[in-house]
Amino acid sequence: MSLDNQQSHTIFISVGSNIDKEKHTKAGLQGMYQAFGELVLSRVFESESVGFVGNNFYNLVVKASTNLSIDKVCHVLKQIEQDNQRQRCEKKFAPRTLDLDLLLYDQVVSKDPIELPRPEVLYNAFVLKPLAELAAHQIHPLENKTYATLWHEYDKSQQKLWAVEFAWDPL
């Protein structure tokens with residue numbers, strides 16, 4: 001699906017790190033700022049690792065605009081991860097310097113080149129809560145509910161997360 005054109009698309013990206021997390025979170029934000037321009041950030045949340053024993057994570061969601069296609073946005077995000085020494089491993093749940101996932105691209109619903117909206121929006125508190133902060137009144141294209149409603153209905157006993165002080169300014 002190639003959507004490269006002059007039309008601007010609204011994208012939401014989840015950001016996660018649990019290895020030197022403040023450094024890599026800031027570097028990831030800087031890389032996205034260079035690629036997409038102005039960013040709108042949720043608060044940064046800290047949470048316990050999910051699916052493995054490891055250091056706590058920093059997580060947030062970023063809103064940006066782009067003229068790039070879904071494919072090209074994903075390529076940019078993978079490059080930023082690589083620039084931050086992201087080690088790919090066969091295990092889905094593992095420590096990472098930086099994890100950048102495209103969650104939403106306008107209201108596109110797709111399976112290819114990636115699944116959109118990303119399924120983890122519905123089952124990971126560290127994705128849904130910051131997304132609900134940035135897109136409270138936007139409707140999930142498959143659930144037909146706002147992100148604020150989805151967060152309100154979410155079983156918050158499943159995963160614990162808490163807001164942390166975090167400051168980042170584009171250089």
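## Burial and helix α4

A residue is termed buried when its relative accessible area is under 20%. In this predicted model, that criterion applies to Ala125, Phe126, Val127, Leu128, Pro130, Leu131, Ala132 and Leu134 of α4. Because 8 of the 10 residues of this helix (residues 125-134) are buried, α4 is largely enclosed by the rest of the structure. For the protein chain as a whole, 48% of the 171 residues count as buried.

## Overall architecture

The protein chain contains 5 helices and 6 strands. Read from the N terminus, these elements follow the order β-α-β-β-β-α-β-α-α-α-β.

The C-alpha trace spans about 40 × 35 × 35 Å along its principal axes. A compact globule with 171 residues would have a radius of gyration near 16 Å, and the value of 15 Å for the protein chain therefore agrees with such a globule. Among contacts between residues at least 6 apart in sequence, 69% join residues at least 24 apart.

In soluble globular proteins, nonpolar side chains tend to be buried together. Here the largest nonpolar core comprises 27 residues, and Met32, Phe36 and Leu102 have the most contacts inside it. Two or more residues of this core are supplied by each of β1 (9-17), α1 (21-36), β4 (57-66), α2 (70-83) and β5 (99-105). The largest share, 6 residues, belongs to α2. A second, separate core has 17 residues, including Val61, Leu131, Leu134 and Tyr154. Of these, Leu131 and Leu134 are also among the buried residues of α4.

The surroundings of Met32 can be listed in detail. With neighbours within four places in sequence set aside, Met32 is in contact with Ile13, Val15, Gly37, Leu39, Val62, Leu77, Ile80 and Leu100.

## Packing of α1 against α2

The axes of α1 and α2 come within 10 Å and cross at roughly 145°. The crossing of α1 past α2 is right-handed. On the α1 side, the residues involved are Gly28, Gly31, Met32, Ala35 and Phe36, which meet Val73, Val76, Leu77 and Ile80 of α2. Classified by type, this contact has 7 nonpolar and 2 polar residues, with no charged residues.

An α-helix has 3.6 residues a turn, so residues three or four places apart point the same way. Met32 and Phe36, both part of the α1 contact with α2, are also named among the residues with the most contacts inside the largest nonpolar core.

Technical notes:
Residues are numbered from 1 along each chain as its sequence is written. This is a predicted model: local features need pLDDT of at least 70, side-chain atom pairs count only at pLDDT 80 or more; totals for chains, interfaces and linings use all residues. Side-chain values use heavy atoms; hydrogens and water are left out. Buried means under 20% relative accessible area, exposed over 50%, partly exposed in between (1.4 Å probe, protein chains only). Helices (H or I, at least four residues) and strands (E, at least two) are DSSP runs, numbered from the N terminus. A nonpolar core is a set of buried Ala, Val, Leu, Ile, Met, Phe, Trp, Tyr and Cys residues joined through side-chain atoms within 4.5 Å. Contact means heavy atoms within 4.5 Å. Axes are lines fitted to C-alpha atoms, for helices over the stretch in contact, and angles run from 0 to 180 degrees between N-to-C directions. A crossing is left-handed if the near helix is turned anticlockwise from the far one by less than a right angle, and right-handed if clockwise. Ala, Val, Leu, Ile, Met, Phe, Trp, Tyr, Cys and Pro count as nonpolar, Asp, Glu, Lys and Arg as charged, and the others, Gly among them, as polar. The radius of gyration is taken over C-alpha atoms; the globule rule is 2.2 Å times the number of residues to the power 0.38.
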